[in-house]
Amino acid sequence: MASSGVKDFYRQKKKGGVTKPSSSSKKKTQQYTGGASVGASDNAQTSALVSHGSWDLKDDFGDQEEQLRQFDMDMKFGPCVGVTRLQRWERASAMGLQPPAHLRDLLLHASSAKNRSSDSPSVECLWEGKV
Amino acid sequence: MPVPKPMERKQAAYSNLDERYAIQGEKYQGQQYSHIYFTRLHHMRNLLHALVPSWKPHLPVTTVLGLEEGKDCIIVGTLYKHMKLKPSILDEYSKERSAIPLVKPHNFMHPDDHLILEDESGRVTLAGAIPPAAFVTGVVVALHGKETSAGNFLVEDVLEAGLPPQTALSSACEDKYVVFVSGLSVGSDTFNPLQFQLLIDHVTGHLGDDNEQIMASNIVRVVVVGNSVHISPRFVNGQTVASKDQSRIAEPIKELDIMLTQLVASLPVDIMPGCHDPANFSLPQQPLHRCLFSGASTYNTFSSCSNPHQFDLDSVQFLGTSGQNIDDLYKYSDAKDKLEFMERTLRWRHLAPTAPNSLGCYPYTDKDPFLVESCPHVYFVGNQDKYETRLLEGPEKQKVRLISIPRFSESGVAVMVNLRNLECSTLSFSTSFDA
């Protein structure tokens with residue numbers, strides 16, 4: 001169960017995900033690209049990656065799934081494991097946390113879509129079935 | 001001889017407020033407890049942020065990750081108490097000798113216990129003006145202090161949410177009473193059927209002369225607060241029950257049903273499950289099933305309720321549990337009496353802060369039903385060692401009658417509360433002359 005799934009997101013990504021800290025302070029608050037600020041790599045490592053040029057950026061999920069993954073990882077909306085993304089969105093909205101509205105439409109289309117191709121974003125959080 | 005005029009029992013308008021404790025609508029998806037902690041922190045943090053300006057207006061509020069050494073600030077988060085003696089399932093697998101004694105103590109406190117504050121960004125160990133003995137895991141507080149060079153947070157002051165707002169008691173002119181009885185333990189060795197029968201006869205007005213009957217007619221409701229039956233442990237230890245014993249298992253419940261039927265024929269009765277009753281283990285315990293009460297459930301005065309139980313009678317707000325929440329606080333913290341634990345739960349605005357850490361609880365995903373939003377007028381806890389009561393007064397004119405209800409099978413004591421003025425007294429029943 002874990003084999004192919006783990007390969008999916010241990011792949012290095014340049015866009016989104018980890019934000020480079022803008023000052024040398026270790027404990028910097030995150031900017032909202034939606035990424036997790038804990039575990040941000042330090043300056044030296046990121047610049048080394050950048051200097052090597054491009055790498056395999058073509059993931060087998062689209063931009064929509066990427067946005068949903070950012071939503072999953074954002075700590076402001078609480079833990080993501082154990083609830084569907086739509087439930088988490090509704091919960092965040094009920095708590096007044098103002099989750100991005102377009103994500104809800106995305107999730108409603110995803111749950112009603114008859115074709116579950118690998119392109120369509122998932123209803124469940126990114127860890128579903130993997131932990 | 002003139003026919004005596006029948007005495008009519010007083011009535012009170014009743015509203016059951018247990019919807020928040022119903023599990024019926026919940027769907028378990030395999031989730032863990034992180035969600036309940038998240039909703040608890042979020043809700044309490046909003047409350048505390050609103051209170052901080054009137055507490056320490058000039059200090060910045062920051063997250064744990066945003067702490068700077070030596071800078072005076074305020075942080076808000078959930079407390080975690082690290083306890084050396086807290087039983088852990090991992091101890092069974094540990095090969096080395098640990099600090100845990102072989103005999104489980106009743107209370108797991110130890111001088112080395114320390115507190116940690118946690119929010120979404122991180123956790124920090126606490127030191128200073130926050131006594132671990134008075135707190136438990138799961139309480140959300142605001143702390144004023146600063147980070148030390150050792151990486152701890154030195155606390156200068158603690159802010160709890162405090163008593164929630166209360167709707168004022170409307171002035172009533174009549175005396176109406178509610179009787180609380182707890183720990184009947186039908187089926188146990190300590191159960192005395194005569195004692196329970198005396199209670200029933202008194203409440204239903206079959207005892208005494210006119211004066212006593214007038215008193216009884218002023219009782220508008222009886223609340224049975226948990227542990228009404230006691231099933232012998234040898235029947236519930238996992239072994240198959242012999243066929244001759246099978247009918248014996250249900251005997252306590254049948255006996256309870258017979259006695260309750262007498263009560264419900266006369267006045268409304270609420271019955272709550274307790275830790276020994278045939279109900280689910282984790283909180284909130286769901287109402288005892290009607291099929292257990294084939295006699296009493298035919299009456300519309302019979303009301304099976306959840307634990308915790310919340311209701312209002314003539315707009316007097318009642319809130320109470322069968323004791324598990326306070327008993328758990330007793331295991332993990334220290335106070336001068338059970339009423340102080342109860343007071344703390346109101347100040348923390350949470351009925352059972354140790355759930356789910358050491359108290360079984362349903363893993364809710366979008367709410368925490370134990371948060372106390374409005375202050376009750378009567379707050380009761382059942383199955384305690386002795387009867388205790390106090391009228392707690394809050395800073396915004398809240399008045400709460402705190403009641404610790406003793407186990408009836410041991411003490412023969414039931415509690416009576418007057419709806420008009422929240423005065424509390426006992427009904428004591430004894431079947432021996434030398435008591």
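Buried area is the accessible area (1.4 Å probe) that two parts lose on being put together, summed over both. By that definition, about 1,200 Å² is buried between chain B and chain A, and carbon and sulfur atoms give 61% of this area. The model is predicted: local features need pLDDT of at least 70, side-chain atom pairs count only at pLDDT 80 or more, and totals for chains, interfaces and linings use all residues. Residues are numbered from 1 along each chain as its sequence is written, chains are lettered from A in the order in which they are written, and side-chain values use heavy atoms, with hydrogens and water left out.

**Interface of chain B and chain A**

- The contact (heavy atoms within 4.5 Å) takes 16 residues from chain A and 14 residues from chain B.
- B:His35, B:Phe38 and B:Leu65 supply 41% of the area that chain B buries against chain A, more than any other three residues.
- Helix 1 (residues 34–55) of chain B provides 5 residues, the largest share of the side that touches chain A; helices are DSSP runs of H or I with at least four residues, strands are runs of E with at least two, and both are numbered from the N terminus.
- That side of chain B divides into 8 polar, 3 nonpolar and 3 charged residues, where Ala, Val, Leu, Ile, Met, Phe, Trp, Tyr, Cys and Pro count as nonpolar, Asp, Glu, Lys and Arg as charged, and the others, Gly among them, as polar.
- Across the interface there are 0 salt bridges, a salt bridge being a side-chain nitrogen of Lys or Arg within 4 Å of a carboxyl oxygen of Asp or Glu.

**Chain A**

- Chain A has 5 helices and 0 strands.
- Of its 131 residues, 30% are buried, that is, under 20% relative accessible area (1.4 Å probe, protein chains only).
- Among contacts in chain A with a separation of 6 or more, 55% are accounted for by residues 24 or more positions apart.

**Backbone features of chain B**

- The peptide bond from B:Asn307 to B:Pro308 is cis, with omega near 10 degrees, and B:Pro308 is in the loop between strand 11 (302–304) and strand 12 (309–313).
- A cis peptide bond also runs from B:Ala355 to B:Pro356, with omega near -5 degrees; B:Pro356 lies in the loop between helix 7 (338–347) and strand 14 (378–384).
- B:Ser185, a residue other than glycine, has a positive phi near 50 degrees and is buried, with a relative accessible area of 13%.
- B:Leu422 is not a glycine but has a positive phi of about 60 degrees, and B:Leu422 is buried at a relative accessible area of 3%.

Definitions and conventions:
Buried means under 20% relative accessible area, exposed over 50%, partly exposed in between (1.4 Å probe, protein chains only).
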